[in-house]
Structure formats: C-alpha cells, structure tokens
4 protein chains.
Amino acid sequence: MGQRRAAGSGAESTAVRWRRDIHRHPETGFTEFRTASLTAGRLADLGWEVRTGRDAISQDHRLGVPDAAELDAAYRRAAGSGADERYLPSLRGGNTAVVATLHGPRPGPAVGLRADIDALPIVESRDGSHLPERAGFRSVHDGVMHACGHDGHIGMAVELAERLTARPPSAGSVTLFFQPAEEGGRGARAMVPTGVADGIDLLVAVHLGLGLPTGTMASSLDGLLANSKLRAVFRGVSSHASLAPHEGRNALLGAAAATLAVHGLPRIPGHETRVAVGRISGGTSSNIVPDRAEVLLETRADEGAVNEDLEARARTALRGAAEMYGLTVDIELIGGVTTARADRPAVELVEASAAALGLRPVTASAENGVASDDATAFMRRVQEGGGSASYVGLGASLAAPHHTPRFDFDEAALPLGVGLLEEIVRGAARSPAVRDRIRE
Amino acid sequence: MGQRRAAGSGAESTAVRWRRDIHRHPETGFTEFRTASLTAGRLADLGWEVRTGRDAISQDHRLGVPDAAELDAAYRRAAGSGADERYLPSLRGGNTAVVATLHGPRPGPAVGLRADIDALPIVESRDGSHLPERAGFRSVHDGVMHACGHDGHIGMAVELAERLTARPPSAGSVTLFFQPAEEGGRGARAMVPTGVADGIDLLVAVHLGLGLPTGTMASSLDGLLANSKLRAVFRGVSSHASLAPHEGRNALLGAAAATLAVHGLPRIPGHETRVAVGRISGGTSSNIVPDRAEVLLETRADEGAVNEDLEARARTALRGAAEMYGLTVDIELIGGVTTARADRPAVELVEASAAALGLRPVTASAENGVASDDATAFMRRVQEGGGSASYVGLGASLAAPHHTPRFDFDEAALPLGVGLLEEIVRGAARSPAVRDRIRE
Amino acid sequence: MGQRRAAGSGAESTAVRWRRDIHRHPETGFTEFRTASLTAGRLADLGWEVRTGRDAISQDHRLGVPDAAELDAAYRRAAGSGADERYLPSLRGGNTAVVATLHGPRPGPAVGLRADIDALPIVESRDGSHLPERAGFRSVHDGVMHACGHDGHIGMAVELAERLTARPPSAGSVTLFFQPAEEGGRGARAMVPTGVADGIDLLVAVHLGLGLPTGTMASSLDGLLANSKLRAVFRGVSSHASLAPHEGRNALLGAAAATLAVHGLPRIPGHETRVAVGRISGGTSSNIVPDRAEVLLETRADEGAVNEDLEARARTALRGAAEMYGLTVDIELIGGVTTARADRPAVELVEASAAALGLRPVTASAENGVASDDATAFMRRVQEGGGSASYVGLGASLAAPHHTPRFDFDEAALPLGVGLLEEIVRGAARSPAVRDRIRE
Amino acid sequence: MGQRRAAGSGAESTAVRWRRDIHRHPETGFTEFRTASLTAGRLADLGWEVRTGRDAISQDHRLGVPDAAELDAAYRRAAGSGADERYLPSLRGGNTAVVATLHGPRPGPAVGLRADIDALPIVESRDGSHLPERAGFRSVHDGVMHACGHDGHIGMAVELAERLTARPPSAGSVTLFFQPAEEGGRGARAMVPTGVADGIDLLVAVHLGLGLPTGTMASSLDGLLANSKLRAVFRGVSSHASLAPHEGRNALLGAAAATLAVHGLPRIPGHETRVAVGRISGGTSSNIVPDRAEVLLETRADEGAVNEDLEARARTALRGAAEMYGLTVDIELIGGVTTARADRPAVELVEASAAALGLRPVTASAENGVASDDATAFMRRVQEGGGSASYVGLGASLAAPHHTPRFDFDEAALPLGVGLLEEIVRGAARSPAVRDRIRE
C-alpha cells in the first residue's frame, strides 16, 4: 500500500483503508513481510521511533517458524506486491515484528498497545454476500485469509498513530506492538525477550469481535486460555501396499489412532479445556504404504497447570499410538501461550475511557466462547515489572464466526476502537497520579 | 530427448539411455506429456504408424484424472523440458497414450506389447549409494520418481522398436502400447474402448523386477490382483477450535475412524487380499476445526468378486465413519483393475523365447508378493477377441523394493528384456501356423 | 437387621449401627429388598405412616430395572439374610421404595427429606487399612459395595426418625423418602408420579462427602448435572474366527469404535460436561466372532439442553459405529436426571440450622467435582408445587474418593448430619410464618 | 450316561447314543469331568488299559485353565449329573484327559487315534428346526454347546472301542486319546509331556464336518493353522465418572484401541492368516471409570513363523494401546498350537481304508476355510519319534457352520467314521510290513 491508495480513498478513514488493503494481502505467521514493512514505514514517516526485525523479536525464541523455502517465497511475494523496501530486508527470515514509540513532551506513564498482524490458512469465501468479495478486497492469496480481525487491529493502530502524531499525549509515551504470529501463540513470546515491553506501565491488548456486538466493550476478558500447539511427525516404513504390505509400517495408522485418543482426553471438572487435531497430512497414493504422517494438534485450559496436564496426556497418546503400529514419533512444541488476568487499575482506566465514549460495558462469559491470545506474554511481562494490563474485547458485530471463510466484522467498530485507544492513552497521561495509581 | 543425446551416448544402449533420461523426468499418471511426446516422436521418426491422444485413449473412460490446474502445470513443465512439440498438443488434457504399429511384409500374427510409462509420487533418495543419484539421473522433479521400473519398460520398447525397424518381423505386425497411468489402474481401461487392442492375436505385458533376479523370467504371473482405488472426501463444519469447538464437525475424525476400520476389514480364507489407506490430507492449523479431509484407499483380491466384496465393505466403513461424527462423505472410484489369467499358447511362446535366450524360468508365488496391473484390461480384450495373452515377469535384481525411495533395478536386465521381446515377436511371425495355434 | 443387634450395640449410635449393618448387606438399584424392608419395618414400629412398593413407586416409570432372574435372586437373598418379612412381599419386582410420614400436633409446614438407599457394583477393598474390613462390616456380597455413602444416609434418617418420634415437631409433618436406584438416576423419577412428594413445602436432600471435610456444610450444591444413561447393544453375525472370519460381523468392533467416538465428543464452552463409557461386554472366546456386545455409557451437563445435545451426538456415534462394521445397534435410555437449583428460603433455613450447630459453611465449586443426583426430580416437583428445595452437602472426610473400592467416610459426620436434619425440621415447624416464607 | 439310556435306546447305535448324551451335557475345556469320567469308565469296562488325570496330562503344561471356583463348580455339577464316580476324583483340578489302550495278540504297529472332547461357550439354538432341540438333546447347560462336533468324535471312538473289543486287531495296539481343551489349543500340548504319545507309529486325528459333505473324506488337511491365544488385561485407575473423570484411567479405552489395532494387523502375502478379538469385558456401570478390562484375542497363520510375527505385532499393539491411555497391560498366552503336515504313509493308509469303505476322496482347500487343531502336538511328537501322522477330514453335512448356535451335523456320518477308523486300525495291523512302511 502506498501513497496512491491512501491519497485516492476520499471519505474512507485510515483505519478502513488500511484494514481493506491488509485484508487483500493476508500473510500468515512470520511471513508478514508486506504487512510489517508497510506498518514500519508508515510509523517512521509519522516520526515515531521504529524498531523492526531482530531489534523487536528474538529469532531464537520463535516457535513454529515456516521453513526457509516458504519464508523466501513469501518474502519475494511481498517484494513484488508493494512492500516497503526500506524495512523489508530487516524482516528477512521471518523476523516480522515492528515496535513503534512516540514520546510525549513530559515524563509520564508508558502505555503499550498490542496489535497482532497475522492471517490464517483459510480459503476466503467468494460468496456475493461476503463484503470483502463484493467490495473488492477479498484475499488475493488463495488459501490465506484475515479471518480473525487482525486486519482491523492494524487499521486501528495506524489511525491511532496518525491522531497521536497530530496531537501527542500530554505526558509519557505510547508504544505500539505490531506482533506477528499471534495465531499459534508464537510471536509475543519471542518479542518479550528483546526487552521491548520492559518499562511499560500500562499494557492494553484489544481484540474485536468475540461475540460482542458493535457499540459494546468488555473491559477484561479473563477467560483467556493457556494452550500448547504440537506438531507430531509419525515415521514408519514405506513399502508397496500390495507386494509387501507387511514390510511397511503405515504412519497414517498412528496418526489416526492418536487423533481419536487426543479427542478422547478427559474433561477436567471446573475448568474450561479444549483439545483439537486440526491437520493430518501423510502419504501420496493408495498403493504406497506411507512412512510419514504429520499431525497438528493443540490443548487449551483456563489454567496453566491444567493445560500442561492435557499436553502431557496428549504426548503420551501420541507415543502410545506410535508404539501400537511399530512407528516412531517426534513431537515438537510449535506454539503456546499462558494465561493472564487483568489488573484492577487497567480495567478501571479502560472502563472510564469506554464510558467517556458511550460504549456499553458487557461481560464476556465462557459460554460465548473463549480463546487464547499470546498478548498474555506481554501482559505477564508488564505485570512482572510492576505495571498493569488488561485484555479488552471491542464489540464488532460479525457476519460469521472467527476462523471461518465468511468471517467479516462491522467496520463501524473501527472508529469506536480508535477512539477507545486514544482515550486510554490520553487518560493515562492526563494526570501524574495515574502512573502511581497503576503502580499501586 | 532427441537426436543429440542419442547420437552422443557412445557405448550406452538405447534402452539404458532412454531409461535414464525418462528416469530424470518422471511424470505421474496422465501427466506423461514429455514422456509420451518423446516416445511418439521417436517411433514416428522410425517410420512406425503412430496414434496419440484421443486416437489412443478414450478421454471419458479415464478415472482419477488430475484437475485442470495440475494438468496445465505439468504440460507447461513438459514444454519447457524437451518434450516433442510435434506430439505435445495432441496429449493436452491428460490424453497421454501412444500406440505405435509396424507392419511386416506379409500377413501374420498381430503381436501387441504393453509398456507402461507413468511414475510415482515418491521423493527419490539422495543417498550416495543410490545409482540414479550417483550417476546423475536422479529425478529433477521433487516428489516424483520412477520407483517401479516403468522407465526401463520404455527403454526396452524403444530399443526394440529400433531393432525391429532395422529388421522387421517376417510376417504380421507389432504394436507397442505406451500406456499412461498404470499406477492406480486407470490408463489401460481407457485405451481399450478406442479399439487399439482389437485384432491383436498375442498380447504380452512385461514387468521387470518383482523379486525375480536378473537372468530369470516368469512366463506368467497369474496372481495379479483385482483392485479398487477409492477417494473419499469427508465434509464437516469448520469452526474455531477454542471459541466454538462444539459448532464444528471435524472431518479428520471421520478420516481417522475410517482408516482404522478399513485396515480392519476381514481376511477372506483362501484368497490373497489387500487393504490400504495410503493418504490422508485435511485441515490447516490446529485452531481451526477442519471441514474437509481426503482419504485415498484401495482394496485388492485375487478374484474380482472378492475384491468387490472388500470394496463394498470399505464403502460401508467410510459411510459409517462419516455418520459417527456428523459428517458427509463422497466416495469416488478413481481406479481399478480386474484379474486375468495367462493362456497356454502365449505362455509356451514366451517360454520358448526365453529358453532360446538362456533365461532361467522361475515361478512367482504369492509369497514373493503379488500386485495388480491394468495390463489385464488389454489381456481380457485380446482374450475376448480370441487371442492369447500373458503377463511376464522379467528378472531384474533390485536395490530396494518397488515403490520405495531407493528402488533401482539392475540395468543388465534391459538387453535381456529387449532380446526376449524381440524373440517373442520373431517367434510369433516365424511360421504361419503360429497364428492358428494361438487362436486355438 | 433386627432387635437383637439394635439392643446389643451399647454405646454405638443408631446411625452408626444401621450404617454398618446396611454396609455389610449392600444392594444395587431396585434390589434393595433387605434395606427397604428393614427401614419400612423400623419406621412402622416407631409409629410412622409407611407406604411401600407400588404405593411409593410407579412401576412403569422405572428405567433400567434388572431382569426378572436378577430380581428374584436378590429377593431370595434378602429373604435369607434378615429382611423384614412384613414388608418384603410389597417390594417384589423391584418396587423398593419406602415413604414414611410423621405428623406433628398442629398444622404446619410439610418437610420432606430424601435418603437414597442403593449400593454400587464395586468390589470392596480387603485392605487392612479399610475400616469396614478392619471393623468387620465389609460387604458380604462380592462385587457390591456402598461406595457412595448411602448407607450413612439411611443411618441418619433412621436415627432422626427415632428422635422425632421421641419428640415430634411442634407443627406440620415430616416425610422421609427412602429412594431406591439413585445411581443411574432411576428411582426418584418413578416415585414422583405416585404423588408422594405432592404437598411438600420444603424438600432437603443431604449427601455426605463430596470433598467437604467433617464439620462443614454446603447449603446448596447447584452444580448438579443433568445426565443420560444409555445401554447400547450391538448385534452382528457370529462365525468361526478361522474357518469363516469374513462371514461374521464382529459386534466388538462397533463397541470399540463407539467407545472412542463417545469419549471424543466435543467440549462445550462455558459448560461442565461429562461423557463416559463405563462398561463393555461381549463375546466368549477368541475363536468365535461375537455377534453381540453391550456398552453402558452416559453423558452429563450442567444444563439440560446441553446434555440432550451430547446424548444425541452419542446416539449418532453409536449408530455410525454400527454401520461401519455391518452391525445393528439398539439404544435404550436406562436412566437420566435433570438439573435443579436451590431456592433462597430453603437455603436460608439450612444455613441457619447449620449455624445453630456450629457447622462451618463452605461453597462447593465445580473444581471439587460435581455429579448428578435424581433428588432433582423431587426438588422440581416440590418447586412446581410452590415449595422450596435445596440439595445440601454434609461434610464427611473421606478415606478414598466416591465410587472407589476404598471409599469410606468419617462416621463422626453422622451425628452432625442427624443434628442438622433435626434442626431443619424443628426450624421449619418453629413458627407458623415459616411456611409462608417458604411459599413466597 | 448310564446303563438305563444305553439299554433303552433300541436301534440307536452306540455312536449316536453317546453323541446325544454328551451333546446334552457339554463341558468346556478342562471342565470335562462328566465326559471324561464316563469315557474312562466305559473303556475300563471294556477291558482297555486306562490312564486318566495326571497320568494322562501334565498339570503344569496346561494353558488357560479356569480358576479354582469354576473348576469346582463344574466338578460338582458333573458329580450331580451322572459322572462315573470311579474316575471322577482323578480328574479333579481340570486334569480331564483319558488315554485308553487295547493290545492285539501279537506285536505290531501302535496306532493312536485322537478324539477331542470339549464344548464351546455358545448358547445353543432353541429353534424348532434345530435337531438337538427337536429330538430333545439340546444342551442342558445354558451358554455351553457342542458346536464343533467333538460329541460326534467321542461317540465314534466309543463305538470303535466296542467293535475292537469284540474283535481285536490282529497285531499291535490301539490307543485312544480323549483330549480335553482342544478349543484354544490347550489340551494336547499338556498331554504330550506325559509320554502318552511316545512309541506311537501311526497317529490319526479325525474331524468331522469342515465343509465336507457326508460320504466324503479328505485324507490330509494340511492347511491347519498355527495359532496363539492371548488374554490381555488392561489396568487403569478407577474414579467417579462425574466427580473426577480426569483422575481415572479408563481401561476400556485401551481395550477399544487395541481391538481396532489388532484387527488392522497387515495381511501377509502368500499366507493364510487370521486375527480376531473375540471377547471384551470390563467395567460395571457408566458412572464408574473402569480400572480393568480383559480382552481375548488370537492370531493364526499357515506357518509358525508367520503366526509368531503376528503374535508379536499383536502384543506391540496391546502395549501401545495401554500406553496411549495411561494404562498397564498384562498379556498371557492362554493357548496356542503349531502346524503339522501329513506323512505319505499315513495318508496312503487312510486313503486305502476310505476306498475300501466307498468314501469319496476330496481335497480341502483354504477357500473352504481352515482352522487350527492342537492334534498337531500329537502329530509332531509321533513324527519326531519316527512315526507317521495325518489329520483327516470326515465328511458330515452341516445344518449351520461350526461354532454357531445352530451347528448340527448329519449323524449318518458317524457309522462311516467308525468304519473308517476301524479299517485304519485293521489295515495297519494286517501285515507286519506295515509298521516298517510307516517307519520308512
């Protein structure tokens, strides 16, 4: 996205314009080369202090990074579709994080806002009733889609940056964390070790949708689940399925048995838990006994220890399934997040800000569904440093559920979100006492 | 491959030269654009009457044809890697069959020889001990490999054609059937309806390897199994694995349960049977409940009715698995062959020819393994027309079993095979009485 | 149990004496012939109005009744081990309910107390550390055990009856519901249709244990789960496993696949749910393909509609599993309870009574585990009639969890429970206003 | 069976009379107290030398012996239903083997004939079309049935003994091996170590039925399969299915997964193989997580090494299934037989004998079904000692397949079988040369 589109969009807000451009060019975790470079470039042009690549993300703390070939292909694709050449090279290898900071005129609270930027491996709907299709911003990358609303998060953050640039907060600083690979719980955990969240007094992560209608807001979503994402690779022995079926060890049998076993892990009374096998891939044709099968799975729970228990049981199930069929299995943790709870001071500030804007406060319950978000890595870091944090739900009516091909959100939520974020920043800066209150 | 390579290869035989070139450029079923076009071109240059494309294969009788995008990609790849432009267009759309005929000076027996030309979806070994790697003719197409010996079949057929061109049989005719998509049992069944095998008096299909050492020959492999290849697509409902796991219907669960059930189909006393799930593919990431999973499977038996029984049971298992998990399933027959038995006259002619060459006759037993081959479609057609047929095993010591990444055969078998085929052709033509004998 | 033991037990309280006697002679659901007859006899001897058999239970509303042979055997066993012959005949056929009422001198609130009386099919521990073993009241019926505390419930109810007989409540009435077949959720639902709970103003069901230590009390356990108990019988075709394996249809394969599928039913966000296959039984020896397999399973949820959804999914899984393997399946609902919530007036009265006795109030959370109890059938009936109800947890420290072979509870809880029940009865009667308050 | 019935049966042959009596009183492996005692008594009364109990069977070499309680119950039942008190005590503890020998007047070949005597755990049909029901000799023991024809084997052996007593063979000896626990492959292996088969020159085991019509005979059934019978006991942890499902480890899940895996063991090209899970038993009710599940299974193959391979894979599957679900598993071999091949001299003698009687020789093929028989233990022992052996199929048309509730055989086969056995015995004795021929 460049000057042209921004210039030519007339009445469209920055948030909507960016949201639609990013929506058209979705990029999955650690391949957000176009997305991150454009964001970095825009923030730099606005005069913010910008850190990218290895300054913003610890290469070695990332999990589930795509292989070199995939990273290269995505990089080249970004280079050919309008990425910002000034920042692109710094992101090479999947270091697609951006951190941008604006300092106010006086010392004061350091506010951090998280915006996640990755898309999902979903084929977007081509149905005429699907707004992105109708309005021409459907994904141009087949099989990749912004189906969770992260495009909206980016749009809000950029418009917020413009507003704050025009009128900086009276005190303190604002830092925007553009975080890759939220899906899978892989990006935040790798940004924290670089120290980018150190010294933040107030951390707010906003997610739109989540079942909340436009005009509402949940000041803290405490049901965020811890999770563990595993990749299991079963390895057997290949053979001709007719000439020598008995000489083969069919890796798919291990995958199949493990899939049933993982879904059969027990419920834990009093806890929200989840288990899912989301992908199986193995074999080529029916006349070759396949010697390799890959399974992607995850466990979740509303308490870290419960999730660890489920993860351990899942690993046991995978190993047992391998043994059953004479296979071996390699299990790799490719993502995972912890839980986090909101702090009272942060919640109160968010609630006051929402009230100022007329957003209706609601409570999110587990029955509406709870997910995971690795914003918890930022929250925990800030809390460890004495700061305060909350994970906020921004109402945005949905056309279809998150992570489905017709997902779309009400863009009327974007200006409300920008307003809320701005109010939070200004509210924090408004009085020297705020910082102390947060630090209580 | 053209005149250049043929001219410059010095001591290498035509069979070896072609085998290695084809090995380097493997093409899977119905995408043998380069292979078929080069073969057609060479046979035409030798003066044989050549039929290709829809003259040699009935487009509508093919099963399991790749989709248009895959066919196009393969076609373009072939065009860019030395395909014969004279014949390439006729093959477009996956009509990759070639039939070439040479007429002797006098009427006489019509001899048909089958050479299958497709490769397999296997990643070829890069091990230094693997001859194709060491000698520089490893597959250039990652994930595709001639791992069954069809490259050798082509090499033998082309060298045979050269010899017969130089010295035609004294009577009758010779027809070479270069058949696509033998793997999966999809090509021969589609060539037969065009009439290319009508009027053939003697049909011989030779396969190398099969556990027979170089220097031996099995004059009839009667254990060929009937088979059915199925593609089952389970369809469920996608949802976010954490927000709404209960709203999804995970297609992988159906695939997993069906896989275990298909492998559990009962043994049938007194019969060789096989069942195999060779591929599962479904889902993208662990946080999305996958709404689609594809399973490739097959059943085999040494009697058509027994195979039909197994196929019916497999279909029942697939449907039940879908019901269990609230899914639907579409089941498509994507390949399948029948059984066939050798005729005494054909076997006797093959045995006499082998004896003349000093090949040691051996008997192939089920314990050495039996597979399927859709050469049976040609055999049955010829037998229905009153002709005689046999499926012949040509000894060729193997470095590793068929359909495995290190499969390689002893190239010393190639001149023996060419000699055997030539002797069969000349034997059939030698005496006017032969035709009658065959027709008895 | 008869006069002799009661007379000779010296310092032992009635509650402990009865508890131990009943513990020694455990009887599973609808076979509580000895238990019910002794209870009826004792209450009648005390002068209470007693209803038994078909006056107390609707024969046709019972689910999961054992077959005639089992009922007869249990009946004869009871007759031979001290059952009260006056009441035994009325219970024949498994109508093992007893309802006993005592009227106070003046009109007033009708108080109902539920005591469940059935045991479980568990082999009791013979370990020396297990009190019933050590103290000589281990179960004399191998494979049957009071492993949930119902023996304690009976003991408390009988001692309460003695106390109330000695000093009746000042007003109103007290009705004791001795309910069979609580395990499986089968007894209460069949007692309610006889009208025995009609007109009750205050219904309290007390369960001991549940993770609460002796000396504590939870005035309302609202997490009671709705449940559905299913018996699925898979039917296939028998054959000789070696001569004709393919002619059989192995019913165990359906049972196995269904078991894995039922355990794989999805979690429902925001709800406590349970699924369990608790029994599989089928086949005789390995050389006979079994044509029958029985599976006992259950679903539970903290909301009726959620449980119905799970039950429907379980039924689908069972049917799909049958189809997979060419079987049929019959599915029978053999038990099931609904949920119920406590009423404020009942809770307040219980809390006041507990306070008067010095019991420490605690809150039971789902994390401590929640179960189901068909006391909810009484509660709902009373609530429909305008009365008030609560399900109360009585603290009793446990040697091992409920439903396990070493289950045992601290008998010191029994006098506390008797005291609590007495205080509730007297509290309700104490003031004419109570009844109105309850009826608010 | 006593004098009365024998006396009163008029025209009925001894074979039919005994067959029907034994059929009415079926006894499973190692509980054949009535059967063995009556047989021993009758043979002793005829003057044969009789060995029973520990003289005929090595107590310690038996596999899969029922537990003491079951043995005792069966013993008492036998004592109460006409067992021969003279021999009953010697059989106590399940040592239910009988060996009876008759010596001819001169030295000569030692002929051994095997008759197996155990019944199966099958509920016999009550259908009016089922002869045993109609003719009043249906099993009086519910759940136990002679559904394989062993009752006929006993009948033939006893009538043969009567004939040979009346007219002894001219030379040599005849030994009848009444063998318990053929089903499961447990009896013969325990008799051989006592030496009862040492010195036998010619061993013939006859089985009726097997798909051969009355009037035919197969002189050698070489397809007898080796087998291994396993009992696997999965052990987990019990818990309340609702209060603490996560604290339990459900043993049924291991049983279910293992069942699917065992049925999925691969086919072995060129070999007859079998796998079967024939029984699962575990758990009591749905609200208790079961901590124990028992699985009975078997593998078979037409070659010992192939069966060993399958058994090893089955054990691996069982262990893996246990690991998957946090269980342990104990695997016990409870039966198993080896293969054996017929010797030419034995076959020739059988064929000559059959020809003399006009029985039509047929060949049994695997397609008609092959089973296992532990007569192979006798055969191998005799062959090791230099003797000759064959397993002979005696035609007997069947009403329903072996091991099914309506199994019944044409009793017209019994006199044919007696005649065949007599002819074999006399044929062997006829000429001194026979022994040498056998010993060649």
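Which strands of chain C does helix α7 lie across? Helix α7 (residues 150–166) lies across β2, β3 (110–116), β4 and β5 (202–208), and runs at about 145° to β3(C). Contact here is two C-beta atoms, placed from the backbone, within 7 Å. Axes are lines fitted to C-alpha atoms, for helices over the stretch in contact, with angles from 0 to 180 degrees between N-to-C directions. Helices (H or I, at least four residues) and strands (E, at least two) are DSSP runs, numbered from the N terminus.

Okay, before I go on, some housekeeping. This is a predicted model: local features need pLDDT of at least 70, side-chain atom pairs count only at pLDDT 80 or more, and totals for chains, interfaces and linings use all residues. Residues are numbered from 1 along each chain as its sequence is written, with chains lettered from A and ligands numbered from 1 in the order in which they are written.

For chain A the average pLDDT, the predictor's confidence in each residue from 0 to 100, is 92, and 94% of the residues score at least 70. Do watch residues 1–10 of chain A, though: pLDDT stays under 50 there, and the model has nine contacts beyond four places in sequence for them.

Back to the sheet in chain C. It's open, with eight strands in the order β1-β2-β4-β3-β5-β14-β6-β13, and the pairing is mixed; strands pair if DSSP finds at least two bridges between them. β1 (49–52) and β13 (360–361) stand at the edges with a single partner strand each, so one side of each has no neighbour in the sheet. For β1(C), four bridges join it to β2 (residues 98–103), and the two run antiparallel. Look there for Glu49(C), which stands opposite Thr101(C). There's also helix α3 (residues 33–45), lying across β1, β2 and β4 (173–179) at about 160° to β1(C).

Now the copies. Chain B superposes on chain C by a rotation of 180° with 0.0 Å of shift along the axis, RMSD 0.1 Å, fitted by least squares on C-alpha atoms of residues with pLDDT of at least 70 in both. The two copies are thus related as by a two-fold rotation axis. And 100% of the contact residues of chain B recur in chain C, the same surface serving both copies.

Last, chain A: domain 1 (3–224 + 340–439) and domain 2 (226–337), with bounds from an automatic or database domain assignment. Their centres, over C-alpha atoms, are 33 Å apart.
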